[in-house]
Amino acid sequence: WAILPVAYVLGGVLHFGFRVYMHEVALVLAIAALLPFLAVKAFKKVARPSLSMTIYFLIAYLVIHLTISEIACKREGLGGMGNILRVYMYALWPLIFAVLFFRYGSTSHIKHVLLAMYIVSLVRVTLGILTSEYPNLLLRIPLIDYFPSAILTAGMDLRYSALLLSSIALCYVSISKSLIVRVLNTGLLGFSAYFLLIGGGRISLVAFFGTLMIWTFVQRRFIALSAVAIALLALVTILNTDSSLIYRIDDFRIRRTLSVLVFKSPT
């Protein structure tokens with residue numbers, strides 16, 4: 001199972017005449033590796049409480065919804081049935097993985113997997129920074145025709161990769177016993193916020209602040225929660241008092257990101 005979270009953080013696509021995303025490949029490989037063990041009943045279930053039926057109901061709902069959408073698409077002759085399937089798979093694959101991992105997955109190597117996710121996310125963010133400065137940069141791994149996500153989006157991938165990096169940094173702030181590691185990862189959150197700005201993702205900025213506030217609340221770090229809330233409130237107040245401040249910023253992507261915090265402007 002370890003390949004799947006790392007592949008998801010890595011991102012990118014393989015071209016076989018059509019696009020295949022890395023997490024899709026990893027999910028197929030994980031299931032393929034599990035099937036022989038299940039066939040010979042050599043794989044023992046991990047002792048855990050029963051998984052909530054809500055997960056199974058949600059999977060069933062999505063499958064039914066997907067089926068109806070595909071039938072409607074075919075009847076209306078619109079095409080793009082593969083694209084519809086891919087959109088639904090964004091919701092389905094984590095649920096499928098969750099069921100299999102909950103029943104058969106072990107957490108014994110989770111520290112190594114988290115470290116691999118950390119390294120891969122740093123690489124992905126670095127590529128995003130490079131492509132934001134050099135939009136025509138092309139990186140492709142031949143034979144398998146692999147293209148990193150950052151290469152395909154000319155810097156816009158930072159709206160995703162920086163969000164992933166900030167989440168992993170929060171994990172290390174939570175679990176590390178080293179003060180240096182916690183301080184470095186706390187500082188990395190600030191860099192992640194800046195990378196999100198130049199990524200141009202409006203919802204990503206909301207998700208970043210939302211994640212910070214939920215994390216500080218769950219961790220009972222109420223001083224940090226207050227600081228994040230005050231900083232966000234101050235930023236929103238300043239931008240809504242004088243929204244023309246945004247237009248003084250040279251980078252269009254930063255203006256686009258901050259625009260989500262402006263409520264009074266008709267545009």
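Here, a residue counts as buried with under 20% relative accessible area, exposed with over 50%, and partly exposed in between (1.4 Å probe, protein chains only). The model is a predicted one, where local features need pLDDT of at least 70 and side-chain atom pairs count only at pLDDT 80 or more, while totals for chains, interfaces and linings use all residues. Residues are numbered from 1 along each chain as its sequence is written, and side-chain values use heavy atoms, with hydrogens and water left out.

**View 1. The whole protein, before we zoom in.**
Eleven helices and three strands make up the secondary structure; helices (H or I, at least four residues) and strands (E, at least two) are DSSP runs, numbered from the N terminus. Walk along the sequence and you get the pattern α-β-β-α-α-α-α-β-α-α-α-α-α-α. The C-alpha atoms fill a box of roughly 65 × 55 × 40 Å, taken along the principal axes. Of the 267 residues, 36% are buried. The protein exposes about 16,400 Å², with carbon and sulfur atoms supplying 72% of that; accessible areas come from the Shrake-Rupley method with a 1.4 Å probe, and for residues only the protein chains shown count as cover.

The three strands form an open, antiparallel sheet in the order 2-1-3. Strand 2 (19–21) and strand 3 (146–147) stand at the edges with a single partner strand each, so one side of each has no neighbour in the sheet. Helix 2 (residues 22–39) packs on the sheet and touches strand 1, strand 2 and strand 3; contact means heavy atoms within 4.5 Å. The direction of helix 2 makes about 65° with that of strand 2, using axes that are lines fitted to C-alpha atoms (for helices, over the stretch in contact) and angles that run from 0 to 180 degrees between N-to-C directions.

**View 2. Strand 1 meets strand 3.**
What holds strands together in a sheet? They pair through backbone hydrogen bonds, either parallel or antiparallel. Strand 1 (residues 13–15) and strand 3 pair in the antiparallel sense over two bridges; two strands pair if DSSP finds at least two bridges between them. Look for Leu-14, whose bridge partner in strand 3 is Tyr-146.

**View 4**
The whole structure holds four salt bridges, each a side-chain nitrogen of Lys or Arg within 4 Å of a carboxyl oxygen of Asp or Glu. In one of them, the side chains of Arg-86 and Glu-24 meet at 3.0 Å, N to O. This pair links distant parts of the chain, with Arg-86 in helix 4 (residues 81–104) and Glu-24 in helix 2, 62 residues apart. Both Arg-86 and Glu-24 are buried. Arg-124 and Asp-157 form another salt bridge, at 2.7 Å, N to O. Here Arg-124 sits in helix 5 (residues 110–133) and Asp-157 in the loop between helix 6 (149–153) and helix 7 (158–175), 33 residues apart. Arg-124 and Asp-157 are buried too.

**View 3. The salt bridge of Asp-251 and Arg-253.**
The closest N and O atoms of Asp-251 and Arg-253 are 3.3 Å apart. Buried or partly exposed? Asp-251 is partly exposed because its relative accessible area is 22%, and Arg-253 counts as partly exposed at 21%.

**View 4. A nonpolar patch on the surface.**
Ile-214, Phe-217, Val-218 and Phe-222 form this patch, with about 440 Å² of accessible area together. Patches are made of residues with over 30% relative accessible area and no salt bridge, with like charges joined within 9 Å and nonpolar side chains (Val, Leu, Ile, Met, Phe, Trp, Tyr) within 5 Å. Helix 9 (residues 202–218) gives the most, with three residues. Phe-217 lies in helix 9 and is exposed, because its relative accessible area is 53%.
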